[in-house]
Amino acid sequence: MRMAMAAELPDDPEAAVALQDRLRGQVDPTDPAPPRFETVAGLDSAYDEQGNVVAVVVVLDTATLEPIDRATAHGTTQFPYIPGLLAFRELPTILTALEKLDTTPDLMVCDGQGLAHPRRFGLACHLGLLTGLPTMGVAKSLWGNACEPGPERGSMSDILLDDEVVGRAVRTQPGVKPVFVSVGHHISLDTACATTLALAPRYRQPETTRRADHLCRTLLREKALPR
């Protein structure tokens, strides 16, 4: 698949912060018309102790939640581990994997943040702008403040940063810890939350994330990365 815009990938933290500040105003938190997603991609990255990174994109049919395409890429990262700038460790390899896809998905789901980010520009926002595709973040951890949603599946509570709603905690399974959903690009928060529930019929994580995460772990376990 092709990118909608060229990627700027600074290796300096100050330049990375400046880029996030410059691009965040381009994020569109509204739905396409209509918001019809027949295919959805899950994206994930994993690292080993040597600093090698593997990125995985798995595309599912939303009707069956079965995979129809996938792509992987590996590389190394020199960008330091800095909260709020993790996208710059992952983007180069993720973009390589996306360019290998034969399918252009209707929606992308990142294992990370979108607007629920200190500069309102997490990985999902960045990928949404680069690809031009509807993109959302479904994170395992909370960035911001949120009340615990009710115990039943489908319960939600707003995530706040500086008194601004930036996402929602969504209970995908009864009595299980919620996931944390935020807009990336070209999707509304309501649609992102509804889509998260549709993608998580049995487990806490959406099937997109589960499939991509499993493949990442498999590649690392099989020592598929260069030494």
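Modeller: Let's start at the largest pocket, where β1 gives the largest share of the lining, five residues. Please keep in mind as we go that this is a predicted model. The pocket holds about 690 Å³ of space. Its lining is made up of 32 residues, and those closest to the centre are L86, E90, D111, G112 and Q113. By kind, the lining splits into 17 nonpolar, eight polar and seven charged residues. Helices take part as well: α2 (87-100), α3 (123-131) and α5 (207-221) each supply at least two residues, as does β1.

Now to β1 itself, which covers residues 39-47. Is this strand mostly out in the open or enclosed? Eight of its nine residues are buried, so the rest of the structure largely encloses β1. Here, a residue is called buried when its relative accessible area is under 20%.

Next, the strands that pair with β1. One is β2 (residues 52-61), which runs antiparallel to β1 and is joined to it by nine bridges. To find a spot where you can see this pairing, look at G42, whose bridge partner in β2 is V58. β1 and β2 form a hairpin with four residues between the strands, and in that hairpin G51 adopts a positive phi near 90°.

Another partner is β4 (residues 107-110), and here the pairing with β1 is parallel, over four bridges.

Q173 sits between β8 (164-170) and β9 (179-185). Its relative accessibility is 11%, so Q173 counts as buried. The side chain of Q173 has a polar atom 2.8 Å from the backbone oxygen of A200, and the Q173 side chain also reaches the backbone oxygen of Y203, at 3.3 Å. Setting aside neighbours within four places in sequence, Q173 is in contact with P151, R153, A200, P201, R202, Y203 and R204.

Key: Residues are numbered from 1 along each chain as its sequence is written. This is a predicted model: local features need pLDDT of at least 70, side-chain atom pairs count only at pLDDT 80 or more; totals for chains, interfaces and linings use all residues. Side-chain values use heavy atoms; hydrogens and water are left out. Buried means under 20% relative accessible area, exposed over 50%, partly exposed in between (1.4 Å probe, protein chains only). A polar contact is a pair of N or O atoms within 3.5 Å; within protein, one must be able to donate a hydrogen and the other to accept it, and residues adjacent in sequence count only if both atoms are side-chain atoms. Contact means heavy atoms within 4.5 Å. Two strands pair if DSSP finds at least two bridges between them. On a 1 Å grid over the protein atoms alone, a cavity is a set of points where a 1.4 Å probe fits but cannot get out, and a pocket is an open set with protein on both sides within 12 Å along at least five of seven lines; lining residues have an atom within 4 Å of a point. Grid points are joined across faces, edges and corners, and a volume is the space filled by probe spheres set on the points. Ala, Val, Leu, Ile, Met, Phe, Trp, Tyr, Cys and Pro count as nonpolar, Asp, Glu, Lys and Arg as charged, and the others, Gly among them, as polar.
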